[in-house]
Amino acid sequence: MEVVSRTRCFGGTQLVCRHDSRSTGTPMRFGVFLPPDAERGPAPPGSSGLPVLWFLSGLTCTEANFTEKAGAQRLAAELGLLLVVPDTSPRGEGVADDPAYDLGQGAGFYLDATEAPWAPHFRMESWITDELPELIAAEFPADMGRQGISGHSMGGHGALTLSLRHPGRFRSTSAFSPIVSPLNCPWGEKALGAYLGPDRQSWRGHDACALIADGARVPELLVDQGTADPFLDGQLKPGLLRDACDAAGIPLTLRMQEGYDHSYFFIASFVPDHLRWHAERLRA
């Protein structure tokens, strides 16, 4: 692992790191915020380490969007949360791409692609749920028994589906403006069709509402959605998640925030609520 940059921030340290991923076959970047009571390196023997909160970003984003725009470090430092912010896709020469913003590099959708030309490198689920946690546990004072996950838009989709697909991995799950049902929106139909092929049945394992309908469960969910979001009705459709959770008995706190849009102004406005919500559930 290489530390690309190291910046002091609210008494802690914001890192940007890179490593050669066996999952994607490419160099992959991620951000890590270490709160003040953390020192770089594995947790000492007998220590449980710090709770870990993952944040998955949306279409076109990198790890920089959340780390530089959300303003999460101030409260993460106070709460003692170790933040991990992965990039949204493999990148570089030889990695498949598409001219559109909603497919290819910057649009990995947090799954393992099975179709050409995406399959060799677009293995984001394996990277985030298998390989990167191993690296975080080895390099930082992280308690991997206390993990939470959140995300925005495509990253909200990732937070929901990865939590549902890996029961017990994450103690807490939240999202901002998530794509709740890729089976039922243009972004999802395009991406899942390209990455997984035309069989829509295979898409169900990467659709939060379908996963819940098929029996997957999480203890509870927190979702914030802006009412002025231009993607609300055509792409995001939070009512589908509300209906799925109601049918399954999953406690869902869905907060429709009046006048807020899809931007990081929206995320920055409510990220303190999410950090506190996760911290409460990640207490030892």
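The model is a predicted one, in which local features need pLDDT of at least 70 and side-chain atom pairs count only at pLDDT 80 or more, while totals for chains, interfaces and linings use all residues. Residues are numbered from 1 along each chain as its sequence is written, and side-chain values use heavy atoms, with hydrogens and water left out.

The ring of phenylalanine 270 forms an edge-to-face pair with tyrosine 260, at 4.9 Å centre to centre and 70° between the planes; rings of Phe, Tyr and Trp (its six-membered ring) pair if their centres lie within 6.5 Å, and planes under 30 degrees apart count as stacked, over 60 as edge-to-face and the rest as tilted. Tyrosine 260 sits in the loop between S9 and H10, and phenylalanine 270 in helix H10, 10 residues apart, where helices (H or I, at least four residues) and strands (E, at least two) are DSSP runs numbered from the N terminus. At 29% relative accessibility, tyrosine 260 counts as partly exposed.

Ring pairs join Tyr260 and Phe270 with Phe55, Phe66, Phe176 and Phe266 in a cluster, and the whole structure holds 10 aromatic pairs. One of them is the tilted pair of phenylalanine 55 and phenylalanine 176, with 6.3 Å between centres and 55° between the planes, which links strand S4 to strand S7 across 121 residues. Phenylalanine 55 is buried at 4% relative accessibility, and phenylalanine 176 is buried at 1%.

The strands belong to an open sheet of nine with mixed pairing, in the order S1-S2-S3-S5-S4-S6-S7-S8-S9, two strands being paired if DSSP finds at least two bridges between them. Strand S1 (2–9) and strand S9 (252–257) stand at the edges with a single partner strand each, so one side of each has no neighbour in the sheet. From one strand to the next the twist averages 20°, with axes taken as lines fitted to C-alpha atoms, for helices over the stretch in contact, and angles running from 0 to 180 degrees between N-to-C directions.

Helix H9 (residues 238–248) packs on this sheet, touching strand S8 (221–226) and S9, and its direction makes about 160° with that of S9; contact means heavy atoms within 4.5 Å. Helix H10 (residues 264–281) lies across S4, S5, S6, S7, S8 and S9, and runs at about 170° to S7.

Terms used:
Buried means under 20% relative accessible area, exposed over 50%, partly exposed in between (1.4 Å probe, protein chains only).
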